[in-house]
Amino acid sequence: GPQCIERDGKYYLTYSVNGYTDPSYSVWQAVGSSPMGPFEKVAPEKGNPIISGREMNYANGSGHHTFIDNGSEVFAVYHVHGNQTSMESSPGRFLFADLVHFTENGIVVNGPSNY
């Protein structure tokens, strides 16, 4: 599920990569100056992926997200699997919500959360 959010004249197109059963399922970003693009993918060394549980020992498969703006802060809301090593033995999928920051290089998400 792609999402586009605007901040200070920049448009951040975010999208999930890989399948939801893959531990590398994550959210990436591209930045443009118009909601119609063109968009340029942010290099991994500058901020992609913005949401990934791959390196965590408590969650993986983080993706399919949306943004919630409460008027003073923006949160990324997304799901994860509750098992790092096996989707089959996962206790289920959990909903996480983490604070979003807009930086020179793009979006930074404080997460993934820990449930």
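Which residue takes a positive phi in the hairpin of E5 and E6? In this predicted model, Gly-71 does so, with a phi near 100° in a hairpin that has 4 residues between its strands. The mean pLDDT of the protein is 85, and 84% of its residues reach 70 or more.

**Confidence**
- Among the elements of the protein, the highest mean pLDDT belongs to E4, at 96, and the lowest to E5, at 87.
- Where pLDDT is low, predicted coordinates should not be read in detail.

**The open sheet E1 to E4**
- An open sheet is formed by 4 strands, ordered E1-E2-E3-E4, and its pairing is antiparallel.
- Strand E1 (3-7) and strand E4 (39-41) are at the edges with a single partner strand each, so one side of each has no neighbour in the sheet.
- On average, neighbouring strands of this sheet are turned by 35° against each other, with direction ignored.
- E1 runs antiparallel to strand E2 (residues 10-17), and 5 bridges join the two.
- Opposite Arg-7 stands Lys-10 in E2.

**Pairing around E6**
- Strand E6 (residues 74-81) is mostly covered, with 7 of its 8 residues buried.
- Strand E5 (residues 60-69) pairs with E6 in the antiparallel sense over 7 bridges.
- Thr-66 has Val-77 in E6 as its bridge partner.
- E6 also pairs with strand E7 (residues 93-103), again in the antiparallel sense, over 8 bridges.
- Tyr-78 has Phe-96 in E7 standing opposite.
- In a regular strand, side chains alternate between the two faces of the sheet.

**Nonpolar core**
- The largest nonpolar core has 16 residues, and those with the most contacts inside it are Ile-51, Phe-67, Ala-76, Val-100, Ile-107 and Val-109.
- Two or more residues each come from strand E3 (26-32), E6, E7 and strand E8 (106-109).
- The most is given by E6, which supplies 4 residues to this core.
- Leaving aside neighbours within four places in sequence, Val-100 is in contact with Phe-67, Val-74, Phe-75, Ala-76, Ile-107, Val-108 and Val-109.
- In soluble globular proteins, nonpolar side chains tend to be buried together.

Terms used:
Residues numbered from 1 in each chain as written. Predicted model: local features only at pLDDT ≥ 70, side-chain atom pairs only at ≥ 80, totals over all residues. Heavy atoms only, no water. Pairing = 2+ DSSP bridges. Axes fitted to C-alpha atoms, helices over the stretch in contact; angles between N-to-C directions. Buried < 20%, exposed > 50% of the residue type's maximum accessible area, 1.4 Å probe, protein only. pLDDT = per-residue confidence, 0-100. Core = buried A, V, L, I, M, F, W, Y, C linked by side-chain atoms within 4.5 Å. Contact = heavy atoms within 4.5 Å.
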